[in-house]
Every structure is written in structure tokens, then in C-alpha cells.
Amino acid sequence: MKRPHRLHRYLALLLCLIFLSSCKTSDDAKAAAKQLATTSTDLANYYGTLSQVTTATITLGGLQNTLLPHADILPFPDSNRTLLNTTLSELQKRSDLAKALQDVSTAFSNLTGSTAPTDVSDAASKLASELNTLKALPSPAGSPIPIPSAIGDAGKLIVSLIQEHEERKIAPALDATVNALKGLFSNEEESGAYDSLYHTYLTKAASLAKYSIEKNWVDETSVLGPALQPFGLTGKLNSKSDAAPLQAAAEAEIDETTQTLDAAHQKASAAMLQAITDMGTRMHQLATEGRMPSRGAPVMLTTVENWINTVSTYLPASATTAPAAGASSTTAPSAKKSKN
Amino acid sequence: MTAALQALQDQYDFLTANLPKLLEACNGDAGKENQINAQYAACEANYTNCINKIFNDNDPSVQALVAQMKTQQTALGAAVKHIGDIGGVITAITTAVQTGASLAAKV
């Protein structure tokens, strides 16, 4: 008499275990997808910020043309502007690719444990489109840095799987995509391209800032701020000769800030690579073991976000539209034959 | 960062930082200003052309050029200290930038 009861209990227990197991897998997949979406968002913002930096470098080139003494030959000719515009275009494509991966990750997160919503196939189509437009970084005189073909292959697989609502097969495809993306990022990061782009922007800005100080186009009393601000006082210069120590302090501040900003970006680019690497490990674990216990996006993303936030304080997106070739980017008087 | 990119970046940094000073030292001589700006633009083009490449540090000729550029960088630094001789400075810059162009062509 007790046997059927025991059988029912075992059966119920087994069903619960199966149910819990499938819920766990779905939770892990959802968590992984959300983490990937966060990482992709930061990657897109990182590339977007580097694009702003490159746009600002172009603007500074225009300022060099306008402010520095020159005759017929400009320090920043249109041919150099074209080279930087090509780099800018490729950075923007990488940003768009990361945004597309973010959309797919979010869609994957929505897909787990539910019937496929229409935005999943929309996001997948967008990723496919971005993958098709992405090219290697330009190199006029040599072989381009190639986009790993695995990105394209894995992208096509994800699109197809999402369209077929094959949730369990998507994790391995996303695993391959994240790893290919990691290969691309690490190739360019370790070659120094990202750090160098930011560094040369800072160098150009610092050079023009110091030139502006020497020309008395800057109010150097701002360096007195730390001493005066607590008491609500404002600095004042009585004569040009008073400015010498303040000019020296301002130039020293430029050097110090340049080093600090440079170091912050080096940490951010290394952190971005580490975050993508960690995400690759997590996606691989989900794809191969069917589970991914980590919760929360990779912690080092905070370093990337801090750098992006800092840059946004002095390079607001709206103020960094690349000027067209030949256009003057400033209202300052031309320095052609200028001796000021 | 690869040694080749570092060498090109160092040259570009150096000329960017010193460009206003070099142009002022021309005292309005259009010919000299043109020479300096042309070399600066060429240096920037060398750097920008190479920013997107993967450098092969194992290539002995690249390593030799990197070493050569480091020597020239030192010479350039010394020349700028005697900026009164702007003609000599322009010669030093031209030599260094030409080496940079050779390096950019090899990577």
C-alpha cells in the first residue's frame, strides 16, 4: 500500500529537481546575457569616447593651423585630417559593433525562459548588419589589422539560432563571438594603438595650452584656486611681470594633469581588456558546462566607466564634431605670418 | 606598446611639444616656417599611418631603425637646446623625420 506513495514522492522529487535544474540554467544564462550586455555597453562607450578623442585631435590640428605661425604650408594639412578621419570611422564602427552585441545580449536575456519576442530577431539582424560593415583598421602602406573571421562566423550563427529560437545553442555561439571580440580588442590594445591615440591627443592639447599661456591668452590666476577658493577669494594680476610664477605653475599643472590622464586611460584600456577576457571565460563556462555562477558584471568595468566619465567632463559629445577638411575650427585670428 | 610605434610616437610627441617654439624661432622666415611645418606634417602622417598596424618587433631592420631613431631623438633634443641655430635644428629634424618615414614604410 505504501509503494505507490513512495513512487509518487520520488517522481515528484525528480520533477522538482529537473525543474530547479532547468530554472538554474535559465537564471545563469540570463545573468550571463545581462553581464555581457553591460560589458558591451561599456565597450561601445569606450570606443565612442576614443572616437571623441580622435575628433578632438582633428579639431586641435585645425587650431594649430589657425594659431601657430605659418606661411604657405600648414602644420595640419588636409591629407593628415583624412588619415585621422579614416581612423575615426573605424573606431565608430567598433562602437556600433559593440552596441549591436549589447542589443543581442539583451535580447538573449529576454529570450531565456520565454517565447521569442520580436525584438530578438530585430537585434540579431542589426548585429548581422554591423558585422557586414566592419572592416579592419586602415593601414595605407601595409596589411590591415584583420577582424577575426570568427566574429563574422559566430555572428551569423547567433542570428540564425535566435531566429530559430534555439536558446540552448546560443550560449556557445555567444562564447565564440566574445572570444573573437577579445582577440580583436587585445590585438589592438596590446599593440598600443588605443593608448597612443589618447596620448597624442593630450600632447597636442598640452602644447597648445602652453602656447596659449605664453601668449597671455589664459587667466593663470586659476592656479591659485586651491588657496583662494576656501575663502571665497578671486585672484588678480596687476602687471604682466606678476604672471611669470603663475605661468610656470600653470605649465607644471598641465604636465602633471597630462601624466595623470594618460595613466588613467592606460588603466582603463587594460581594464576593458580584462573585462572582455572575464566575460569570455564566463560565456565559455555557460556554453560548455551549462552553468555560470558569477553574478554582477566584471568589477574592473568601473575603471573604464570612470575614465569615460572623466573625459565627458572636458570633451562633451556635442562639442567634438569633426570639422570638414579645410574648415577653420576656431574663431581665433589666423596666425599666417602672425608674430604675436 | 610595440617598439616601432613607441619610436614614432616619441618623435611626434617631441615635435608637437616643441612646434610653437620652433616656429617662433624662424622669426617670420617663410621658407623656414614651411620647412618645419612640412616636416611636422610628415612626422604626423608617419605616426598616423602606423597607428593601425601591427608591428613586427622581430624584424631586425625595424629594430635597427628603432635604435637609430632613439639616437636621433637624443640629437634632436640637444639641437633644440641651441635653438639659435634654427638652420641646424631644421636639418636635424629633417633627418629624424626621414628615418621615421623609412620606419613607417617597413612596418
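## The interface between chains A and B

In this predicted model, 39 residues of chain A are in contact with 30 residues of chain B. The area buried between the two chains comes to about 2,900 Å², and carbon and sulfur atoms give 58% of that area. On the side of chain A, Pro69(A), Ile73(A) and Ser191(A) together supply 15% of the area that chain A buries against chain B, which is more than any other three residues contribute.

## Helices H1 and H2 of chain B

Two packed helices are described by the angle between their axes and the distance between the axes. In chain B, helix H1 spans residues 3-25 and helix H2 spans residues 30-51, and their axes come within 9 Å and cross at roughly 155 degrees. Because angles over 145 degrees count as roughly antiparallel, H1(B) is roughly antiparallel to H2(B). The crossing in which H1(B) passes H2(B) is left-handed.

The residues of H1(B) that meet H2(B) include Leu5(B), Leu8(B), Tyr12(B), Leu15(B), Leu19(B), Leu22(B) and Leu23(B), while those on the H2(B) side include Glu33(B), Ile36(B), Tyr40(B), Cys43(B), Glu44(B), Tyr47(B), Cys50(B) and Ile51(B). Sorted by class, this contact of H1(B) with H2(B) has 13 nonpolar, 5 polar and 2 charged residues.

## Gln39 of chain B

Helix H2 of chain B also holds Gln39(B), which counts as buried because its relative accessibility is 19% and the cut-off for a buried residue is under 20%. When residues up to four places away in sequence are not counted, Gln39(B) touches Ile93(B), Thr94(B) and Val97(B).

## Helices H8 and H9 of chain A

In chain A, helix H8 covers residues 243-289 and helix H9 covers residues 301-314, and the axes of these helices come within 8 Å and cross at roughly 140 degrees. That angle makes H8(A) oblique to H9(A), and H8(A) passes H9(A) in a left-handed crossing.

From H8(A), the residues Leu261(A), Ala264(A), His265(A), Lys267(A), Ala268(A), Ala271(A), Met272(A) and Ala275(A) meet Leu301(A), Thr303(A), Val304(A), Trp307(A), Thr310(A) and Tyr314(A) of H9(A). By class, the contact of H8(A) with H9(A) has 10 nonpolar, 3 polar and 1 charged residues.

Note on methods: Residues are numbered from 1 along each chain as its sequence is written. Chains are lettered from A and ligands numbered from 1 in the order in which they are written. This is a predicted model: local features need pLDDT of at least 70, side-chain atom pairs count only at pLDDT 80 or more; totals for chains, interfaces and linings use all residues. Side-chain values use heavy atoms; hydrogens and water are left out. Axes are lines fitted to C-alpha atoms, for helices over the stretch in contact, and angles run from 0 to 180 degrees between N-to-C directions. Helices (H or I, at least four residues) and strands (E, at least two) are DSSP runs, numbered from the N terminus. Angles under 35 degrees count as roughly parallel, over 145 as roughly antiparallel, 65 to 115 as roughly perpendicular and the rest as oblique. A crossing is left-handed if the near helix is turned anticlockwise from the far one by less than a right angle, and right-handed if clockwise. Contact means heavy atoms within 4.5 Å. Ala, Val, Leu, Ile, Met, Phe, Trp, Tyr, Cys and Pro count as nonpolar, Asp, Glu, Lys and Arg as charged, and the others, Gly among them, as polar. Buried means under 20% relative accessible area, exposed over 50%, partly exposed in between (1.4 Å probe, protein chains only). Buried area is the accessible area (1.4 Å probe) that two parts lose on being put together, summed over both.
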